[in-house]
Amino acid sequence: MAVLPIVEVPDPRLRVISKPVEAITDDTRAFVSDMIDTMYAANGIGLAAIQVGIDSRILVIDLQDEKDEDDKPIKAPHAYINPEILSVSEETSTYNEGCLSIPEQYADVARPAACRVRWQDEQGATHEEDLTGLLATCMQHEIDHLNGVLFIDHISRLKRDMVMKKLTKMRRG
């Protein structure tokens, strides 16, 4: 398994619309495993393939919301291949979102509170599920990546400019 380098703004690859996965192979499964390792190494809860420079419709999520007896997060990663949002709720919820491709920057983003999603797993089986809460938010955030959209695209220009200025300042040290 490998930890892959994460693509960061302003890299133009983050604006690419990712291509569907035609066949789920051993190489696909190995790549998913590398994505999971990369997500954990970066202390993230979600990662889209384009964030490691691969324009395939693959994402991984692990909210790590359950804890063991030592209060450490229990790892339960999930891979979503060719995910698509089928419907969203009219009700919205707001989360303070961050992104591994925009390190250490956060902003409140309002998204639909629930969504119905269809995807394939690593064996090629198709699933459909209604998602709510942080999982719905994370799924929408990661699917946005597959469509070349960043969380900062959902906030005002003023807030987006502030986030980018803070990022530039942080990078300078």
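Me: In which helix is the place of T137?

Reply: T137 sits in helix α2. The model is a predicted one.

Me: Why is T137 called buried?

Reply: Its relative accessible area is 4%. Buried means under 20%, so T137 counts as buried.

Me: What is T137 in contact with, leaving aside its neighbours within four places in sequence?

Reply: The contacts of T137 beyond those neighbours are S93, Y95, E97 and R111. Contact here requires heavy atoms within 4.5 Å.

Me: How do you know that D55 and K19 form a salt bridge?

Reply: The closest N and O atoms of D55 and K19 are 2.5 Å apart. The cut-off is 4 Å between a side-chain nitrogen of Lys or Arg and a carboxyl oxygen of Asp or Glu, so the pair D55 and K19 qualifies as a salt bridge.

Me: Which parts of the chain does the pair of D55 and K19 link?

Reply: D55 is in the loop between β1 (46-48) and β2 (58-61), and K19 is in the segment before α1 (26-41). The two residues are 36 residues apart, and the pair links distant parts of the chain.

Me: What makes D55 partly exposed?

Reply: D55 has a relative accessible area of 25%. Partly exposed is the class between buried, under 20%, and exposed, over 50%, so D55 belongs to it.

Me: How do you know that D130 and R116 form a salt bridge?

Reply: Their closest N and O atoms are 2.9 Å apart, and the cut-off is within 4 Å. D130 lies in strand β7 (residues 126-132) and R116 in strand β6 (residues 114-120), so the pair ties together parts that are 14 residues apart in sequence.

Me: Why are D130 and R116 put in the accessibility classes they have?

Reply: D130 has a relative accessible area of 52%. Exposed means over 50%, so D130 is exposed. R116, with 25%, is partly exposed.

Me: What makes R118 and E128 a salt bridge?

Reply: The closest N and O atoms of R118 and E128 are 3.0 Å apart, and the cut-off is within 4 Å. R118 lies in strand β6 and E128 in strand β7, so this pair ties together parts that are 10 residues apart in sequence. R118 has 29% relative accessibility and counts as partly exposed. E128 has 39% and also counts as partly exposed.

Me: Which residues are linked in a network of salt bridges?

Reply: The network links E84, R116, R118, E128 and D130. The structure as a whole holds 11 salt bridges.

Me: What makes a group of residues a nonpolar core, and how many residues has the largest one?

Reply: The members must be buried residues of nonpolar type, joined through side-chain atoms within 4.5 Å. The largest such core has 16 residues. F31, V32, M35, L47, I58 and V60 have the most contacts inside it. α1, β2 and β3 (78-88) each supply at least two residues of this core, and α1 gives the most, with six residues.

Me: What is M35 in contact with, leaving aside its neighbours within four places in sequence?

Reply: M35 is in contact with L47, A48, A49, V52, I58, L59 and V60. A second, separate core of 15 residues includes I61, Y80, W119 and I143.

Me: How do you know that β2 and β3 pair?

Reply: Pairing needs at least two bridges. β2 and β3 have four bridges, in the antiparallel sense, so they pass. L59 stands opposite Y80 in β3.

Me: How many bridges join β3 to β6?

Reply: Five bridges join β3 to β6, and these strands run antiparallel. V88 stands opposite C115 in β6.

Me: How many bridges join β4 to β5?

Reply: There are eight bridges between β4 and β5, which run antiparallel. A hairpin of two residues joins β4 to β5, and C99 has I102 in β5 as its bridge partner.

Me: What lines the largest pocket?

Reply: The largest pocket holds about 410 Å³ of space. Of its 22 lining residues, G44, I45, G98, C99 and L100 are the closest to its centre. β4 (92-99), β5 (102-112) and α2 (133-146) each supply at least two residues of the lining.

Me: Why is R172 called exposed?

Reply: R172, found in helix α3 (residues 157-172), has a relative accessible area of 70%. Exposed means over 50%, so R172 is exposed.

Note on methods. Residues numbered from 1 in each chain as written. Predicted model: local features only at pLDDT ≥ 70, side-chain atom pairs only at ≥ 80, totals over all residues. Heavy atoms only, no water. Buried < 20%, exposed > 50% of the residue type's maximum accessible area, 1.4 Å probe, protein only. 1 Å grid on protein atoms, 1.4 Å probe; cavity = no way out; pocket = protein on both sides within 12 Å on 5 of 7 lines; lining within 4 Å. Points joined across faces, edges and corners; volume = space filled by probe spheres on them.
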